[in-house]
Amino acid sequence: MPINTSFIQLTREPLLHFVVIAALLIGGERWINADRYADTDYSILVDDKVLSQYLQQQAKTFRSEQAKRALAGMNDDQYQKLVDDYVRGEVLYREAVKLGLDRDDPIIRRRLIQKMDYLSQGFYDQVEKITEADLIDFFNRRREDYREPASATFTHIFISSQVGSFENNRLDALALLDMANKSKVPFENAGRYGDRFLYNRNYVNRDSQEITSHFGKKFEQQLFELEAVNPNSNEHWQGPLRSDYGWHLVLLTKLSDSNVPALSEISGIVLGDAQREQQAEVKRQEIDKLREKYRLDLRARSN
């Protein structure tokens with residue numbers, strides 16, 4: 001017997017409108033079980049598979065086996081409540097669709113798309129386990145994605161260009177360089193000399209991108225052309241190097257070239273990336289299968 005739609009005045013009650021939205025989201029389950037709705041609009045099939053998938057939707061983080069175990073562990077009252085909740089949502093969904101509430105509503109459309117995209121993650125169970133050979137192949141194809149930028153460890157004495165002429169600032173920097181080397185100013189005492197710098201005084205294992213953002217590209221290029229020195233040597237201060245802000249004397253103690261780490265050093269990161277790529281491909285293939293059921297009626301663009 002058909003359900004009388006008069007019992008839900010959906011278009012008149014704003015509060016119930018949100019219930020309808022929730023019901024439409026729950027209705028995404030129909031996509032996975034499309035073959036189960038071939039009877040009539042008034043036949044609701046409920047079995048353990050349907051309820052297991054419903055539990056996964058509600059929990060959001062459930063895996064298939066977890067949902068099955070949770071369902072098996074329910075007593076009769078809990079099982080009946082789950083059935084009632086599912087049927088209630090299914091009824092609301094079907095009646096809302098009949099009333100056209102799923103059409104011409106951008107909010108509902110966006111939420112349904114998001115829900116369907118989430119439900120498509122159910123195909124991840126079809127992903128095969130990544131072997132060591134697969135991981136090596138993935139890493140070789142994507143090795144540049146894991147390249148680490150060049151880095152440096154240094155401290156600096158800053159001579160600002162805000163006061164005085166360019167040439168005088170450079171001469172001041174050269175005089176300070178001579179003093180720093182003769183006095184063997186150590187790494188930790190650099191802050192006692194020169195002007196206050198906008199950013200940091202000491203840079204430890206900082207990459208080239210950060211150095212460029214703090215000093216400018218010209219300084220970064222000059223810095224990485226230097227050689228790291230023994231901080232206890234007689235002439236361990238180098239420069240002056242010019243930045244966007246003035247002149248710098250640098251004590252460079254470590255320099256590392258850009259490199260790609262060995263797979264053994266980053267295997268966990270690479271495995272996670274490989275799994276996500278594999279899952280995305282399975283998901284894309286399944287959505288493409290759904291798309292094949294639809295005919296595209298593409299009209300000519302108007303000028």
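Axes are lines fitted to C-alpha atoms, for helices over the stretch in contact, and angles run from 0 to 180 degrees between N-to-C directions. This is a predicted model: local features need pLDDT of at least 70, side-chain atom pairs count only at pLDDT 80 or more, and totals for chains, interfaces and linings use all residues. Residues are numbered from 1 along each chain as its sequence is written, and side-chain values use heavy atoms, with hydrogens and water left out.

Q: How many helices and strands are in the chain?
A: Both elements are DSSP runs, numbered from the N terminus: helices are H or I with at least four residues, strands are E with at least two. The chain holds 11 helices and four strands.

Q: What percentage of the 303 residues of the chain count as buried?
A: Buried means under 20% relative accessible area, exposed over 50%, and partly exposed in between (1.4 Å probe, protein chains only). Of the 303 residues, the buried share is 35%.

Q: What percentage of the contacts in the chain with a separation of 6 or more comes from residues 24 or more positions apart?
A: A contact means heavy atoms within 4.5 Å. Among contacts with a separation of 6 or more, residues 24 or more positions apart account for 73%.

Q: How many residues of strand 1 are buried?
A: One face carries Ser151, Thr153, Thr155, Ile157 and Ile159, and the other carries Ala152, Phe154, His156, Phe158 and Ser160; both faces are covered. Side chains in a regular strand alternate between the two faces of the sheet. Strand 1 is largely enclosed by the rest of the structure, because the buried count is 10 of the 10.

Q: How many bridges join strand 1 to strand 4?
A: Two strands pair if DSSP finds at least two bridges between them. Strand 1 runs antiparallel to strand 2 (residues 202–207), with four bridges, and Ser151 stands opposite Asp207 there. The number of bridges between strand 1 and strand 4 is 10.

Q: Where does Ala180 lie, and what is its relative accessible area?
A: Ala180 sits in helix 8 (residues 166–182). Beyond residues up to four places away in sequence, it touches Ile157, Val185 and Trp237.

Q: What distance separates the C-alpha atoms of Ala180 and Leu249?
A: Ala180 and Leu249 are 69 residues apart along the chain. Their C-alpha atoms are separated by 9.0 Å.

Q: At what angle do the axes of helix 7 and helix 11 cross?
A: Helix 7 covers residues 132–142, and helix 11 covers residues 267–291. Their axes come within 10 Å and cross at roughly 90°.

Q: Are helix 7 and helix 11 roughly parallel or roughly perpendicular to each other?
A: Angles under 35 degrees count as roughly parallel, over 145 as roughly antiparallel, 65 to 115 as roughly perpendicular and the rest as oblique. Helix 7 and helix 11 are therefore roughly perpendicular.

Q: Which residues of helix 11 make the contact with helix 7?
A: Helix 7 brings Leu135, Phe138, Phe139, Arg141 and Arg142. Helix 11 answers with Val270, Leu271, Asp273, Ala274 and Glu277.

Q: How many salt bridges does the structure hold?
A: A salt bridge is a side-chain nitrogen of Lys or Arg within 4 Å of a carboxyl oxygen of Asp or Glu. One of them joins Arg141 and Asp137 at 3.3 Å, N to O. The total in the structure is 14.

Q: What is the N to O distance between the side chains of Arg206 and Glu210?
A: Arg206 is partly exposed at 25% relative accessibility. Glu210 is also partly exposed, with 24%. Their salt bridge has an N to O distance of 2.5 Å.

Q: What is the N to O distance between the side chains of Arg284 and Asp288?
A: Both lie in helix 11, four residues apart, about one turn of the helix. Arg284 is partly exposed at 41% relative accessibility, and Asp288 is partly exposed at 30%. Their salt bridge has an N to O distance of 2.6 Å.
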